Amino acid sequence: MKNLVYFFQIIRVGNALIASAGIALGWIFCNDTLPISDLIFRIFAGFFALGYGNIINDICDVKTDKISHPNRLLASGKITLKFAIIFAIICFILSAFAGFCASYKLGAATLIALFVLTLYSVSLKATPFAGNFVVALLTGYALIFGGLGENVTKILYPAILAFLANFAREIVKDLSDEEGDKSAGLKTTSSVSLKYIKAVIYLQFIVFIVVAPVPFFLDLLGKTYILITVSFVTPLHFMYIKYFRENDYKNASKSLKIQMIIGLLAVAADYFLKL
């Protein structure tokens with residue numbers, strides 16, 4: 001029982017569920033005429049793919065986590081490296097199996113995600129901006145993965161917004177983990193001059209503000225979407241930039257995470273309420 005609890009902890013079940021919600025949203029918008037079994041397989045593929053990515057990331061980050069995140073299972077010694085590897089293999093197999101159960105096309109799409117997750121943890125994480133870009137890309141990919149089919153373009157703009165929000169969040173997280181990364185000799189985005197980091201963050205801030213209302217003006221999403229975006233998403237976006245300017249990177253990261261969740265809810269609410 002304890003091993004099962006540890007399994008759900010190390011895969012970050014909360015984040016995996018958010019990714020699953022993104023996949024479900026993409027499916028509802030683009031493929032809701034397909035059998036429900038197709039959605040279930042896509043969700044399982046995405047859920048365990050993200051779980052695999054989180055475990056591999058923890059395996060590669062044991063040294064830095066002992067400083068930045070000492071309560072994580074591997075860093076604290078609650079589980080051994082052997083168990084973490086076993087958990088990762090289980091997630092990999094379950095993810096790939098679910099993807100191919102949906103279709104060969106989705107199986108291939110799942111393998112691409114698993115490959116990129118591995119590449120990120122082993123190599124790209126220590127590459128300034130590139131690692132942040134890849135993780136953010138995978139966030140948007142969850143929506144695209146759910147929408148893969150003839151109508152995938154319907155979910156394109158929400159996927160772009162998810163990418164933009166998570167790109168900023170990953171940069172901010174690197175800044176908050178700077179001490180641990182330096183101690184392990186990792187050159188993440190936190191090693192870049194703050195001048196360049198600020199330029200990227202402020203550019204992301206502006207692009208997000210510009211792109212956010214586009215689905216409404218293109219008549220892809222309706223009044224519910226724009227109402228929630230203006231009332232909640234936009235204030236959170238300004239809040240995150242305020243925290244960033246104050247060097248409060250943890251709260252900036254939290255604001256961006258809440259912003260992404262509410263953004264997904266805005267898209268879902270618009271689909272179901274149709275105001």
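Author: Ring pairs join Phe29, Tyr271 and Phe272 into a cluster. This is a predicted model, where local features need pLDDT of at least 70, side-chain atom pairs count only at pLDDT 80 or more, and totals for chains, interfaces and linings use all residues. Residues are numbered from 1 along each chain as its sequence is written, and side-chain values use heavy atoms, leaving out hydrogens and water.

Reader: OK, how many aromatic pairs does that rule count?
Author: The count comes to 15. In one of them, the rings of phenylalanine 205 and phenylalanine 238 have centres 5.1 Å apart and planes at 85 degrees, so this pair is edge-to-face.

Reader: Is phenylalanine 205 buried or exposed?
Author: Phenylalanine 205 counts as buried, at 13% relative accessibility (buried means under 20% relative accessible area, exposed over 50%, partly exposed in between, with a 1.4 Å probe and protein chains only). Phenylalanine 238, at 45%, counts as partly exposed.

Reader: And phenylalanine 272? What's its relative accessible area?
Author: Phenylalanine 272 has 57%, so it is exposed.

Reader: New topic: what does phenylalanine 29 touch?
Author: Leaving aside residues up to four places away in sequence, phenylalanine 29 touches Lys154, Ile155, Leu221, Val267 and Tyr271; contact means heavy atoms within 4.5 Å.

Methods. Rings of Phe, Tyr and Trp (its six-membered ring) pair if their centres lie within 6.5 Å; planes under 30 degrees apart count as stacked, over 60 as edge-to-face and the rest as tilted.
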